[in-house]
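Look at the structure first, then read on.

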Amino acid sequence: MIRVREMNIEFYRHYADNLEAARRPAWLYNEMKPCGVNYNNTILARLYDTYHRLFRDYRQEAEDIVTRLGLDDSATVMDMGCGTGAFALHAAERYRTVHAVDVSAAMLRRTRRKARRMGLKNIEFHRGGFLTYDHRAEPVDAISTVAALHHLPDFWKLVGLQRLASMLKPGGRLFLFDVVFSFDVAEYERSIKRFVRKTTAQMGPSGQSESEIHVRDEYSTCGWIMEGLLEKAGFRVQTADYPDEFLAAYLCTRKNAMSRPGQISRDSAGVLGRNDRQTMDGTRADRK
Ligand SMILES: C[S@@+](CC[C@H](N)C(=O)[O-])C[C@H]1O[C@@H](n2cnc3c(N)ncnc32)[C@H](O)[C@@H]1O
């Protein structure tokens, strides 16, 4: 049962969100408004771990990320789209400081509660997302983002990734894991049915509806597009793993030359040919 106090919090949060949104440019993608699965929902946030623990081992996943990042315990890391803390909580046991960021107040609340229970005091919680989180602290050594970026359409993924790059120290690491498609598009119907079958086997009927909503209403993209976005946003993709035709894991390093938000740097123009560099508004640059 949702408690009256939580309903009041939701009401005032909604009011505060609208005030906050009114301050932003009207053209900015509204990442606070859920697309697809509604992670702002208190009940869903409460059930999240129950369903995800059916097929995930949070500790094992987090250890895998820690190994890939290769940082010592003096590091400061960020978990963007932290959800209920699958990575952030374990990271807090390994690193000096963790910034846990999420657009969903309900999910952040779960993480905060779990952190309190675990006695963790080195997590800073921030309500915000790829497009709106304003990182005022020192740049971090690494950022991990798991199953969150697909909530943005591709152009806004690029903007979000470029913003992440600006929050990292030069040479800092980004670990990105998400639902990314690498199947042959000629076979898309068969592949998507396989995806729905797989998540149904993992989570039952709720897995079926989640995967159907995912494909229909969220913004998973193709592997080759994701690699291009990462490069253009200012990262060097060091490893790109596609464990199956729906998932991808990328380990990236921030390039030293950073472009200003909204600009594509010369350094990151690798995806287009040398004579085909584009500025963000689509005009050609450097054509000789
Ligand atoms: C599938 S959950 C993944 C949570 C967690 N990373 C995990 O591994 O379990 C997706 C999370 O992304 C968050 N999210 C959605 N859009 C976002 C955005 N634009 N910026 C940051 N987080 C976002 C949701 O609120 C939700 O907590």
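Q: Which helix holds glutamate 210?
A: This is a predicted model, where local features need pLDDT of at least 70, side-chain atom pairs count only at pLDDT 80 or more, and totals for chains, interfaces and linings use all residues. Residues are numbered from 1 along each chain as its sequence is written. Helices are DSSP runs of H or I, at least four residues, and strands are runs of E, at least two, numbered from the N terminus. Glutamate 210 lies within residues 205-217, which is helix 8.

Q: Is glutamate 210 buried or exposed?
A: A residue is buried if 20 or more other C-beta atoms, placed from the backbone, lie within 10 Å of its own, exposed if 12 or fewer, and partly exposed in between. Glutamate 210 has 20 C-beta neighbours inside 10 Å, so it counts as buried.

Q: Which residues does glutamate 210 touch, not counting residues up to four places away in sequence?
A: Contact means C-beta atoms, placed from the backbone, within 7 Å. By that rule glutamate 210 touches Val37, Thr199 and Met203.

Q: How many residues of strand 6 are buried?
A: Strand 6 has 10 residues and is hardly covered. Its count of buried residues is 1.

Q: Which residue of strand 7 stands opposite threonine 239?
A: Strands pair if DSSP finds at least two bridges between them. Strand 6 and strand 7 run antiparallel, joined by 7 bridges. A hairpin of 2 residues links strand 6 to strand 7. Opposite threonine 239 stands leucine 251.

Definitions and conventions
Contact = placed C-beta atoms within 7 Å.
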